[in-house]
Amino acid sequence: MTTNDLGHATAPVALDTCILIRNTARRMLAGVQEACSSWILLPQETVRECNVPYAAVAGKRIKRRLEREALARWGRNWSDPQVRWLRTEGRRLTSREARGFKRWVYAEVLRNDSAYTLGPKKTEADIERAEQIAVEALEGDPGEQWDKGDPLVIAQAARAGAELVGTDNMRRVHQAKLDTLIAEWKAEGFCPNARIPFVRTADEAVAARLHDEREHVFDRRCTRIAYSVCRPGSVAGRFPEQALNILDGFMIHLEADGMPGTAAAIEREKERWLKREARWFDALEAERLDLPRTRAGEDRRREYEQGNEPGPQVVRD
């Protein structure tokens, strides 16, 4: 655990698969962790599971993009050959992006200049704890596969001492029962560094790290990190509204990715600067953070998804 320049204790966070594949939410969390001198841990099970759901997300995004392009090129009435091309091209691009994302994840967790690190390998103890979680702390039918899925992600994150950030799939978790299990395991030495409450939403993780009793301070911290993450590599020649439009789009995608609280903080900060956009742009530029691990990692992801090699890999010792 580290202490950031805001004075808040900052543990690493572990991501479940649903958060990992949401590009904007993941970028924001990585930026917050880097700004707080901490990192993101990816449990082995999260990495193993990520490819198929990312393909589904990428496929929807690519379909929308291709349809916009087709509308601009061909109008609204598409011929059968044009429809076949759209489908074929959609499958090709989706497959390329999904393969690239998987390659990026496996490469990124091994780099010593990355915002991410890989959790420890699965053990029999993890499987035993996952079974206990599924039976005692999940709502509904726990199933019978203790060596995969959400219970195993929780067990692996706990053993690694990271707070787990989850999303809709974690609604099955009975928080109080899980925290009781975590406390028992801490006493047994299985996860001595785990923190309670253990499972947080992405908004809760951000609030825990950037909180301040003064709302405007919290809003400014969220916005500063968001801008530092999404800002173009260069703003030379751009009008302030162009750069601020990128921040606006980032905010919209945060809400779509399940972070409405963080998006609302940016929106409140935006409203404070209404009709003073040029001065806001100057203020953001003056206060922007250098977040090289997060920004370079996302650049590498885009390269992998385009089928390119992002350059030499710097491997952890």
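Buried means under 20% relative accessible area, exposed over 50%, and partly exposed in between, with a 1.4 Å probe and protein chains only. The model shown is predicted: local features need pLDDT of at least 70, side-chain atom pairs count only at pLDDT 80 or more, and totals for chains, interfaces and linings use all residues. Residues are numbered from 1 along each chain as its sequence is written, and side-chain values use heavy atoms, with hydrogens and water left out.

**View 1. Helix H4 (residues 51-74) and its buried residues.** Helices (H or I, at least four residues) are DSSP runs, numbered from the N terminus. The buried residues of H4 are Tyr54, Ala58, Gly59, Ile62, Leu66 and Ala70. An α-helix has 3.6 residues a turn, so residues three or four places apart point the same way. The buried residues of H4 pack against helix H2 (23-35), helix H5 (80-108) and helix H14 (292-305); contact means heavy atoms within 4.5 Å.

**View 2. The length of H4 and the residue after it.** The expected span of a helix is 1.5 Å times one less than its number of residues. Gly75 follows H4 and has a positive phi, near 80 degrees.

**View 3. Helix H10 (residues 215-230) crossing helix H11 (residues 240-256).** The two axes come within 10 Å and cross at roughly 110 degrees. H10 is therefore roughly perpendicular to H11 (65 to 115 degrees; under 35 is roughly parallel, over 145 roughly antiparallel, and the rest oblique). Axes are lines fitted to C-alpha atoms, for helices over the stretch in contact, and angles run from 0 to 180 degrees between N-to-C directions. From H10, Thr223, Ala226, Tyr227, Val229 and Cys230 meet Ala243, Ile246, Leu247 and Phe250 of H11. This contact has eight nonpolar, one polar and no charged residues.

**View 4. Helix H6 (residues 124-136) beside helix H8 (residues 175-188).** Their axes come within 10 Å and cross at roughly 150 degrees, so H6 is roughly antiparallel to H8. Arg129, Gln132, Ile133 and Glu136 in H6 meet H8 residues Lys177, Leu178, Leu181, Glu184, Trp185 and Glu188. By class, the contact has four nonpolar, one polar and five charged residues.

**View 5. Asp290 in the loop between helix H13 (277-287) and H14.** Asp290 is exposed, with a relative accessible area of 66%. Asp290 and Gln306 lie 16 residues apart in sequence and 26 Å apart in space, C-alpha to C-alpha.

Notes. Helix = DSSP H or I, 4+ residues; strand = E, 2+ residues; numbered from the N terminus. Nonpolar A, V, L, I, M, F, W, Y, C, P; charged D, E, K, R; others polar.
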